[in-house]
Structure formats: structure tokens, C-alpha cells
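Please load the model in your viewer, with the sequence panel open beside it, and follow the selections below in order.

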Amino acid sequence: MAKLVRFGVSLDEQLLKRFDKRIQRKRYTNRSEAIRDLIRQELVMEQWQQDGQSVAAAITMVYDHHQRGLVGDLMEIQHDYHDLILSSQHIHLDHNHCLEVIVTKGSPSRLEELHSRLQAQRGVFHVGLSITTANP
Ligand code: NI
């Protein structure tokens, strides 16, 4: 495990109160863990912005499988990005709707491209994109 380093932070009292309330709501046991997560989040966002870096992301997509041609079109798009897709899972949500979870790894700009192409299809209700790091 990496060596732990302590450092002091000066903060506006009101800001700290708001932060403490927030981390209480999120059930953090202490400020250190909450601050660590904020720093990690910031660093992941930085990787996302530097396009040379490879990131991991989960795409969640809900669509109406009765929409004419949609299932085939979604399949075609995923094949166009086969080099990014590590796995996918299909869940039949109800009689009309499907949920697909696509696990990906690759360059941020191509992942965003895949995300928008899926989102633009008629019959697709929502496509979520959850980014995380591929190099922690
Ligand atoms: Ni289905």
C-alpha cells in the first residue's frame, strides 16, 4: 500500500459545514475518505479530457425493441466500434423495452462518438455514459 501523507486545508467555515452535511448524507465515515474520492474523480475527469489516455466506461441504454429496424441498427453500430466493446448484457425490461449494458475501454473521443450514435437512434429513450479510469 502507498505511504499515507497528511496535509492541512484552510476552508471557509460555511463551506466546510455544507461539505460535512453532504458527506453525512452520502454516508462517508470521515472527511478524508470524501476528499480522496473527490480527488480521484477530478483525476479521472482529467484523463477523460486528455484524449491520448484510454478510459473505461459503462454505457447503459434503454430502447423499444418494437421500433422498426432499431435492433439491427444498434447491432451494426456496436460492430463499428467492436474494438472498444469488452462485453455487453441484454436485459428484457418488460414486454416492450430492453436494457443493454455495454462495457467499453478506449479513447474518450471514440467512446463519446459511440454514445452519441446510439443516442441518436429513433426508439432509444436514454443512453447513459458512466466514465471511470482504466489506469488507477
Ligand atoms: Ni430485450
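How many salt bridges does a search of the whole structure find? The search finds six, a salt bridge being a side-chain nitrogen of Lys or Arg within 4 Å of a carboxyl oxygen of Asp or Glu. Before you select them, note that this is a predicted model, in which local features need pLDDT of at least 70 and side-chain atom pairs count only at pLDDT 80 or more, while totals for chains, interfaces and linings use all residues. Residues are numbered from 1 along each chain as its sequence is written, and side-chain values use heavy atoms, with hydrogens and water left out.

Select D20 and R31, which form a salt bridge whose closest N and O atoms are 2.7 Å apart. D20 belongs to helix 1 and R31 to helix 2, so the pair ties together parts that are 11 residues apart in sequence; helices here are DSSP runs of H or I with at least four residues, strands are runs of E with at least two, and both are numbered from the N terminus. D20 is partly exposed, with a relative accessible area of 24%, and R31 is partly exposed at 39%. In these terms, buried means under 20% relative accessible area, exposed over 50%, and partly exposed in between, with a 1.4 Å probe and protein chains only.

In the loop between helix 1 and helix 2, select R27, which has a positive phi of about 65° although it is not a glycine. R27 is exposed, with a relative accessible area of 72%.

Next, select the whole of helix 2, residues 31-49. At 1.5 Å a residue its 19 residues should span 27 Å, which agrees with the 27 Å between its end C-alpha atoms; the expected span is 1.5 Å times one less than the number of residues. Within helix 2, color A34, V44, Q47 and W48, which are buried. They cover an arc of only 140° around the axis, which puts them on the same side of helix 2, where the arc is that of the directions from the helix axis to the C-beta atoms. On the other side of helix 2, E42 and Q49 are exposed.

Salt bridges that share partners join E33, R36, D37 and R40 into one network.

Now turn to the UniProt annotations, which may be inferred rather than shown by experiment. An unreviewed entry lists residues 5-43 as "domain: Ribbon-helix-helix protein CopG", and over this span the chain is 67% helix and 0% strand, with its end C-alpha atoms 18 Å apart. For residues 57-131, the unreviewed entry gives "domain: Transcription factor NikR nickel binding C-terminal"; this span is 31% helix and 45% strand, and its end C-alpha atoms lie 4 Å apart.

Finally, select H79, H90, H92 and C98, which the unreviewed UniProt entry annotates as "binding site".
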